[in-house]
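Hi everyone, thanks for coming. Let me put the structure up, and then we can walk through its inside together.

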Amino acid sequence: MASRTKPAGGSTVDEAEVVRFSARAAEWWDPRGEMAMLHRFNPVRLAFIKQAACRQFGREEPRLDALAGLRVLDIGCGGGILSEPLARLRAAVVGADPSPANIEAAKLHAAEAGVAVDYRASTAEALAEQGERFDIVLAMEVVEHVADLGLFIGSCAQMVKPGGVMITATLNRTLKSFALAIVGAEYVLRWLPRGTHRWDKFVTPNELEAALERHGLAVIDETGVVYNLLSDRWQLASDMDVNYMVVAERAPS
């Protein structure tokens with residue numbers, strides 16, 4: 001894995017990433033704008049989260065209130081495009097992001113939509129230090145943007161209650177991911193703005209699992225996510241060479 005210098009003061013925040021995403025704060029809720037691909041990705045990750053949560057907590061998946069009573073952290077929530085659907089499933093959602101501009105955009109949209117989400121301009125380590133605890137901690141398309149992977153995973157894991165889960169979606173560091181997620185998605189198809197990702201910050205499943213296990217979480221499920229050109233949608237698959245998602249649990253006390 002490419003070396004990553006631990007920032008002074010122990011911060012997970014990559015300021016360059018915060019500036020980059022803050023500049024796009026007004027784009028989060030435009031399904032045809034720069035975040036269009038995330039909007040298209042949302043259904044498959046939301047379904048995966050819901051299925052994992054229902055399995056973990058013994059809920060009936062078809063219920064519209066399947067997440068009722070569960071406290072969920074969406075860390076690196078951006079403009080809240082995942083936080084809001086989770087709140088509609090009756091979860092008590094905290095959406096956190098280090099960018100105040102993103103949080104303001106998220107708050108504005110939630111107010112207009114009449115959805116209750118507790119948005120905070122904060123970081124994983126700050127929330128962990130405050131003693132926050134959750135049934136589900138989500139780090140979706142975030143770990144490849146942080147400055148200190150170990151500190152980030154440790155802070156998130158610390159906030160998972162006994163019997164709870166952490167769900168992570170990220171990008172594998174393979175030649176295939178470089179070709180598809182960077183060259184293809186950013187330079188050829190223009191699905192994402194150029195510079196959205198750095199290949200050296202992608203995380204392999206083995207690296208992610210090792211980091212989770214170091215902090216007391218055990219991986220219980222993993223899946224790849226691929227784009228199906230024929231159906232024009234994202235779907236779960238066994239291929240984890242590019243996009244993948246992982247569920248890790250903390251043993252009940």
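By the rule used here, there is one cavity of 30 Å³ or more. A cavity is a set of points, on a 1 Å grid over the protein atoms alone, where a 1.4 Å probe fits but cannot get out, and its lining residues have an atom within 4 Å of a point. A volume is the space filled by probe spheres set on the points, which are joined across faces, edges and corners.

A word on the source: this is a predicted model, where local features need pLDDT of at least 70, side-chain atom pairs count only at pLDDT 80 or more, and totals for chains, interfaces and linings use all residues. Residues are numbered from 1 along each chain as its sequence is written, and side-chain values use heavy atoms, leaving out hydrogens and water.

So, what lines the largest cavity? Pro 205, Leu 208, Glu 209, Leu 212, Val 219, Glu 222 and Val 246 do. Helix H8 (205–214) gives the most, four residues; helices (H or I, at least four residues) and strands (E, at least two) are DSSP runs, numbered from the N terminus.

Now the nonpolar cores: sets of buried Ala, Val, Leu, Ile, Met, Phe, Trp, Tyr and Cys residues joined through side-chain atoms within 4.5 Å, with buried meaning under 20% relative accessible area (1.4 Å probe, protein chains only). The largest has 37 residues, and Met 140 is among those with the most contacts inside it. Helix H2 (36–57) is one of the contributing elements, and H2 gives the most, eight residues. Apart from this core lies another, of 30 residues, including Leu 208.

Definitions and conventions:
1 Å grid on protein atoms, 1.4 Å probe; cavity = no way out; pocket = protein on both sides within 12 Å on 5 of 7 lines; lining within 4 Å. Buried < 20%, exposed > 50% of the residue type's maximum accessible area, 1.4 Å probe, protein only.
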